[in-house]
Amino acid sequence: MNAFAEKLKGEPFLVLDGALATELERAGFDTSGALWSARALADAPDLIRQVHRSYLEAGADVITTASYQGTIPGFLAAGYSRREAEALLRRSVRLAKDERDQWEARTGRRALVAASMGPYGAYLADGSEYRGRYGLSRAALAAFHRERLAILAEEGLDLFAFETVPDLAEAEAVGDVLAPYPPGCAWISFSCADGCRTSAGDDGGDCAAVLKDIPQFAALGVNCTAPAAVAPFLRRMHERTALPLAAYPNSGEVWDGAERRWTGRPADLAALAPSWHAAGARLIGGCCRTTPETIRAIAAVRDRMRETAS
């Protein structure tokens, strides 16, 4: 049985952590630039530890590494050597695993560590993860993901989290790369335009139908999107697959690119979590602008559902 399925036994759903980059910003770290949050691997590793710890304390069952924006070509473009780039990717795993292990030693509770794998568009740092259709071949996309995956896998992880994937074409390339790895070793989640389509326009149900028989996928889902789009997108997926689903949207606030600030008010993700669970979600957390307080509220929903079922 894979680590995700084993951890899920007896639980209504597993609680994922929340935002990393905006938590680093809240602590005063400057995430501007193409490396975004991955720059903290070199400049502020203790802050990354602090964020991981805060989510464990909030009740997260799964924490994700600070590798979303970290890629070999991205680090090379920023002036790091190949050796330094590989070391920073490995550090992302070690920081998360160290905090997880210390947490387990103190509390007896063990969390899973998932390697955050951003899409090709994240490396481009131009918003392409919300558009897709990069003009690359499936083989080229596979090669991009294969390099980082091989490095991170050597550090010993529970899961790989392929996140904010904008289109089915990239998801299929990810499936190709995962073929040598064990069944149930990864989840993949899409950024979506609305409750029906991925950011690039693929039907959510079609995505589930194509990916459901790839044995390495333990779960499929949606992240980094508006909370209102989550339930309908999950329902489309749930109609086409029996796999567990993942739901971790943004806070509900909207980024104003012209003013370079967030606008609007955050949604109550904990209040929405039961509807996502009803639509098949077995991994629930938050993405941009969500906080440990968000995750603590979602963990309380998990606890109440667990008590009701017992």
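## Reading a predicted model, feature by feature

User: Let's start with burial: does Arg100 count as buried or exposed?

Analyst: Arg100 is buried, with a relative accessible area of 3%. Buried means under 20% relative accessible area, exposed over 50%, and partly exposed in between (1.4 Å probe, protein chains only). One caution before we go on: this is a predicted model, in which local features need pLDDT of at least 70 and side-chain atom pairs count only at pLDDT 80 or more, while totals for chains, interfaces and linings use all residues. Residues are numbered from 1 along each chain as its sequence is written, and side-chain values use heavy atoms, leaving out hydrogens and water.

User: Which residue does Arg100 form a salt bridge with?

Analyst: Side chains of opposite charge can pair when their charged atoms come close. The rule here asks for a side-chain nitrogen of Lys or Arg within 4 Å of a carboxyl oxygen of Asp or Glu. Arg100 meets it with Asp101, their closest N and O atoms being 2.7 Å apart. Asp101 is partly exposed, at 35% relative accessibility.

User: How many salt bridges are there by this rule?

Analyst: The count comes to 30. One of them joins Asp176 to Arg138 (2.6 Å, N to O). Asp176 sits in helix H9 (residues 168-178) and Arg138 in helix H8 (residues 138-153), so this pair ties together parts that are 38 residues apart in sequence. Helices (H or I, at least four residues) and strands (E, at least two) are DSSP runs, numbered from the N terminus. Both partners are partly exposed: Asp176 at 34% and Arg138 at 41%. Another bridge links Arg197 and Asp194, with 2.4 Å between the closest N and O atoms. There is also a network of salt bridges through Glu11, Asp61, Arg302, Asp303 and Arg306.

User: How many disulfides does a search of the whole structure find?

Analyst: A disulfide is a covalent bond between the sulfur atoms of two cysteines. With the cut-off at a pair of cysteine sulfur atoms within 2.5 Å, the search finds 0. For Cys192, the nearest cysteine sulfur is that of Cys196, 9.4 Å away. Cys207 has its closest cysteine sulfur in Cys192, at 10 Å, too far for a bond. Cys192 is buried at 7% relative accessibility, and Cys207 is buried at 0%.

User: In what order do the strands of the open sheet run?

Analyst: Strands of a sheet pair through backbone hydrogen bonds, either parallel or antiparallel. Here two strands pair if DSSP finds at least two bridges between them. In this model 8 strands form an open sheet with parallel pairing, in the order E1-E10-E7-E6-E5-E4-E3-E2. E1 (14-15) and E2 (62-64) are the edge strands, each pairing on one side only. Further in, strand E6 (residues 217-223) runs parallel to E7, joined by 4 bridges, and Gly221 stands opposite Ala246 in E7.

User: Which residues of helix H12 are buried?

Analyst: In H12 (residues 269-278) they are Leu269, Ala270, Ala273, Trp276 and His277. They cover an arc of only 95° around the axis, which puts them on the same side of H12; the arc is that of the directions from the helix axis to the C-beta atoms. The face turned away from the buried side carries exposed Ala271 and Ala278. What covers the buried residues, judged by contact (heavy atoms within 4.5 Å), includes helix H11 (227-238), strand E7 (245-248), strand E10 (281-284) and helix H13 (292-309). Just after H12, Gly280 takes a positive phi of about 110°.
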